Amino acid sequence: IDAFHGAFERLAAEEATTNFYILASYIQGLVEIEAARRAIEGGDISRAGYLEALRSISDFDARGLLNAPIDLTQFPYITNTDARVLQPGTGLQEWTVVSDYATPQAYQG
């Protein structure tokens, strides 16, 4: 998470505030870079080669940013089913964990 905060401070702190959407986009970018790296190392950077590299990604935790590793080897992708419940405090940085990460009982995967 330090790498994310460092990149954000260098590149976007004047124009935006950190939030879930920026973090989610950063994580998506890490997945895309990983797929591109694998395609390049595999010698096929075509669309098909990129898709093959993307579908080879498993046990990927976005450098520790995800609470559980994702697996993109099967389609459709189910990247995560866990959720947690947070209660906001008085400031934007103050959150209390009400219920830690767990798969909701309503999930029928």
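# Chat on a predicted model

Reader: R63 first. Buried or exposed?

Author: R63 counts as exposed, at 63% relative accessibility. Keep in mind that this is a predicted model.

Reader: Where is R63 found?

Author: In the loop between α3 and β1. The phi of R63 is near 60°, a positive value in a residue other than glycine.

Reader: Which peptide bond is cis?

Author: The one from F75 to P76, with omega near 5°. P76 is again in the loop between α3 (47-54) and β1 (83-88).

Reader: Change of topic. How many salt bridges does the structure hold?

Author: It holds 3. E34 pairs with R37, the closest N and O atoms being 2.5 Å apart. E34 also pairs with R38, at 2.7 Å between the closest N and O atoms. E41 bridges to R37, where that distance is 2.8 Å. Through shared partners, E34, R37, R38 and E41 form one network.

Reader: Why are E34 and R37 about one helical turn apart?

Author: Because they are 3 residues apart in helix α2. R38 and E34 are 4 residues apart in α2, about one turn of the helix, and E41 and R37 are likewise 4 residues apart there.

Reader: And E34 itself, buried or exposed?

Author: E34 is buried, at 12% relative accessible area. R37 is partly exposed at 36%, R38 is partly exposed at 25%, and E41 is exposed at 60%.

Reader: What does F60 touch?

Author: Leaving out residues up to four places away in sequence, F60 touches L30, V31, E34, L66, P69 and I70. One of these, E34, is the residue that bridges to R37 and to R38.

Reader: Last one, the surface. Which residues make the nonpolar patch of about 280 Å²?

Author: L86, W95 and V97. V97 belongs to strand β2 (residues 95-102) and is partly exposed, with a relative accessible area of 43%.

Definitions and conventions. Residues numbered from 1 in each chain as written. Predicted model: local features only at pLDDT ≥ 70, side-chain atom pairs only at ≥ 80, totals over all residues. Heavy atoms only, no water. Patch = residues over 30% accessible without salt bridge, like charges linked within 9 Å, V, L, I, M, F, W, Y side chains within 5 Å. Areas by Shrake-Rupley, 256 points an atom, 1.4 Å probe, with all protein chains shown as cover. Salt bridge = Lys/Arg side-chain N within 4 Å of Asp/Glu carboxyl O. Helix = DSSP H or I, 4+ residues; strand = E, 2+ residues; numbered from the N terminus. Buried < 20%, exposed > 50% of the residue type's maximum accessible area, 1.4 Å probe, protein only. Contact = heavy atoms within 4.5 Å.
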